[in-house]
Amino acid sequence: MGSSGGPYFQDEKNRPDFTSIATAALQLNDPLLEINHTPYLLLLGPVVHRLALSHVAMRALFSRIPISTATSLFSSPAKPLAPSPSLVPLRLVRRFAAMAAAAAEEFVKGRVFPNGVAVITLDRPKALNAMNLEMDLRYKAFLDDWETNPNVKCVLVESSSSRAFSAGMDIKGVAAEIQKDKSTSLVQKVFTAEYSLICKIHEYAKPYLCLMDGVTMGFGIGLSGHGRYRIITERTLMAMPENAIGLFPDVGFAYIGAKAPGGGAIGAYLGMTGKRISSPADALFIGLGTHYVPSGDLGSLKESLLSTNFTADPHKDVESLLAGYKKEPESVPQLEKLLPVIISSFGADKSAAESVEELNKCSQSGDTEVAEWANDALAGLKKGAPFSLCLTQKHFSGVASSHGNSENHLSKLAGVMKLEYRIALRSSVRDDFVEGVRAVLVDKDQNPKWNPATLEDVNMDKVESIFEPLGADAELNV
């Protein structure tokens, strides 16, 4: 879903209040707003809520306000007015919808080249390509359209910046909405959009290539890790640090982990500790990447792809092209060397508390490398919410145990995503999530007050309840 460890968001710290923005809109005397006097000061609260508009749409409006006006509004905010959806003109609703769409067009760009290569470019560099709802929908719309377009032979996904492919989901806005109203429909909309997109990528028939150059975390792994061709570079930095913000490592990462060496233990280790993967060798070893291509060769690779004359078998064409660019990593995978202790500490039969106990033993090992690894893993676990750690362990264990059993719904990604949808809806409205976002992304004091505060205090019955069915009409439809 989102990252908590790195430079995840560059957005403003304080969220604009809707009344001030509405007041500024009035002062602009914009005829399209059809608001000319105070009784229609609206307001934007209901509009935003009904349209599930993100900060992107808000900034799109605010960008039209003179700086002097904006400064005075934030220094002396207008008095709150009673929201009344009946006072919101239809054209205003349409205008804000258009603003949201325009922002998404700016951040997610699509183009089909003459030889049949369709390119999606993520272009929100200041936020490390963090994805919001409008961006998710636009991304999926491209894939839906190109899937049935006979002129499209393959899809390439890239970033406009070498800093990041995508740092994940734009999480602060979601947390802010939950803090105001735990029953907000934005939660369902966001997770439905994300998880449906992940399933679309996984099942995509045409070649789907991702250039995972730079930060690739949370939903960034969701956009890339389930695609057919996953190109990593020496700058690729991957992690699933959601436990540190009171959520859980989602986006089907448990499914990826179940297929990795170690019977799911590596996935549980990475998911529970939030450990960052920066070694191409490790990324290839656990299956997050399929091809290692040095970053300096990405431009040439793209040029070659755009000049390819595709045959009746585009997959064969792509595989032949990638074979000419891929390189062997210079180092050996550290995770392979540490696999025995990873399995003993994070195997599917280990509870979160038992993992801690095993790691404490490993920290006393005479093998310096093992001891350092164990201490690092313990430090990662200490950052996570105890409830999230127990939830993550149960989820990853269940998916790992189901791997290879075609009769079990968790052996398929769609089944995993349906379960993660239940988990996401319920865990995101727990107090730990808002508190984690506050401590890591807003106030940045790195001192969250978790509830419960320790692993021993976690009620496993409550953890079990997170996994219960939602009801036929409320489940994810993929």
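## Contacts around Leu143

Contact here means heavy atoms within 4.5 Å. By that rule, in this predicted model, leucine 143 touches Ile120, Val155, Leu197, Lys200, Ile201, Tyr204 and Tyr208. That list leaves out residues up to four places away in sequence.

## Nonpolar cores

Nonpolar side chains tend to be buried together in soluble globular proteins. The largest nonpolar core here has 106 residues. Within this core, Ile120, Tyr139, Leu143, Tyr195, Tyr208, Leu223 and Trp373 touch the most other members. Helix H8 supplies the largest share of the core, 10 residues.

## The Asp144–Lys200 bridge

Side chains of opposite charge can pair when their charged atoms come close. The whole structure holds 19 salt bridges. One of them joins aspartate 144 to lysine 200, with 3.0 Å between the closest N and O atoms. Aspartate 144 sits in helix H6 (residues 133–147) and lysine 200 in helix H8 (residues 186–203), so this bridge ties together parts that are 56 residues apart in sequence.

Lysine 200 has 16% relative accessibility. Buried means under 20%, so lysine 200 counts as buried. Aspartate 144 is partly exposed, at 31% relative accessible area. Both residues also belong to a network of salt bridges that links Lys140, Asp144, Glu147 and Lys200.

## The Asp376–Lys275 bridge

Aspartate 376 forms a salt bridge with lysine 275. Their closest N and O atoms are 3.4 Å apart. This pair links distant parts of the chain, 101 residues apart. Aspartate 376 is in helix H18 (residues 368–383). Lysine 275 is in the loop between helix H11 (265–273) and helix H12 (280–285).

Aspartate 376 is partly exposed, with a relative accessible area of 36%. Lysine 275 is partly exposed too, at 32% relative accessibility.

## The Arg438–Asp443 bridge

Arginine 438 and aspartate 443 meet through their side chains in a salt bridge, at 3.0 Å from N to O. Arginine 438 has a relative accessible area of 22% and is partly exposed. Aspartate 443 is partly exposed as well, at 40%.

Notes:
Residues are numbered from 1 along each chain as its sequence is written. This is a predicted model: local features need pLDDT of at least 70, side-chain atom pairs count only at pLDDT 80 or more; totals for chains, interfaces and linings use all residues. Side-chain values use heavy atoms; hydrogens and water are left out. A salt bridge is a side-chain nitrogen of Lys or Arg within 4 Å of a carboxyl oxygen of Asp or Glu. Helices (H or I, at least four residues) and strands (E, at least two) are DSSP runs, numbered from the N terminus. Buried means under 20% relative accessible area, exposed over 50%, partly exposed in between (1.4 Å probe, protein chains only). A nonpolar core is a set of buried Ala, Val, Leu, Ile, Met, Phe, Trp, Tyr and Cys residues joined through side-chain atoms within 4.5 Å.
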